[in-house]
Amino acid sequence: MLAIAMTLALTSALQAQAPAPDLSDPEVAHVAVTANSIDIDMAKLAQTHTRNGAIRQFAATMITDHTAVNSQAAALATALGVTPKDNAVSQSLQAGATQARASLDPLHGAAFDRAYMDREVAYHQAVLDAIDKLLIPTTENAELRKLLVDVRPAIATHLEHAKHLQSQVGTPSRTGK
């Protein structure tokens, strides 16, 4: 439950940024790289904490897909001569990730699986919301905007996959087991 609460706080932080779309392209690039890096880190944690083969495969997909997006973003930044710039949204994402990891790290087995999949559903929804309401609208560079638009369907697919796995691992019993 703590992981869900922290991810919801992250969603709120992202939404709080949406009314003031004043991120520069270097800041948008940093948010994108940060969001992908966070999910890579969480997927690596999942691979060490779960025994569920489907969740292991999901985590492997997260590592592969989000690493590819970060590579594309890095190549684009280099081509454009842009250095990603840290900002309040990136910092909020990282703070939420640190808290989520702290709540997930002590868990194993079914408890970890439930918490991780709950977090992945909430996180991918928050990232989609950020893409739609903050990143795409504030991006001035057409190539960076195209990368965000092109990546969006994969994030939506990740969300649907996460929801499917979430339904398979179920919810904790009232005793917390």
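Rings of Phe, Tyr and Trp (its six-membered ring) are taken to pair if their centres lie within 6.5 Å, with planes under 30 degrees apart counted as stacked, over 60 as edge-to-face and the rest as tilted. On this criterion, ring pairs link Phe-58, Phe-112 and Tyr-116 into a cluster. The structure is a predicted model, in which local features need pLDDT of at least 70 and side-chain atom pairs count only at pLDDT 80 or more, whereas totals for chains, interfaces and linings use all residues. Residues are numbered from 1 along each chain as its sequence is written, and side-chain values use heavy atoms, with hydrogens and water left out.

The chain contains six helices and zero strands, where helices (H or I, at least four residues) and strands (E, at least two) are DSSP runs numbered from the N terminus. Of its 177 residues, 45% are buried, that is, under 20% relative accessible area with a 1.4 Å probe and protein chains only, exposed being over 50% and partly exposed in between. Among contacts with a separation of 6 or more, 85% involve residues 24 or more positions apart, contact meaning heavy atoms within 4.5 Å.

Two aromatic pairs were found in a search of the whole structure. Phe-58 and Tyr-116 form an edge-to-face pair, at 6.3 Å centre to centre and 70 degrees between the planes. This pair links distant parts of the chain, Phe-58 lying in helix H3 (residues 53–80) and Tyr-116 in helix H5 (residues 109–138), 58 residues apart. Phe-58 counts as buried because its relative accessibility is 0%. The ring centres of Phe-112 and Tyr-116 are 5.6 Å apart and their planes lie at 10 degrees, so this pair is stacked. Because Phe-112 and Tyr-116 are four residues apart in helix H5, about one helical turn separates them. Both Phe-112 and Tyr-116 are buried.

The charged end of Arg-119 sits over the ring of Tyr-123, 4.2 Å from its centre; the criterion is NZ of Lys or CZ of Arg within 6 Å of the ring centre and within 35 degrees of the ring normal.

The axes of helix H2 (residues 25–49) and helix H4 (residues 88–104) come within 9 Å and cross at roughly 10 degrees, and H2 is therefore roughly parallel to H4. Axes are lines fitted to C-alpha atoms, for helices over the stretch in contact, with angles from 0 to 180 degrees between N-to-C directions; those under 35 degrees count as roughly parallel, over 145 as roughly antiparallel, 65 to 115 as roughly perpendicular and the rest as oblique. Residues in this contact include Ile-38 and Leu-45 in H2 and Leu-93 and Ala-97 in H4.
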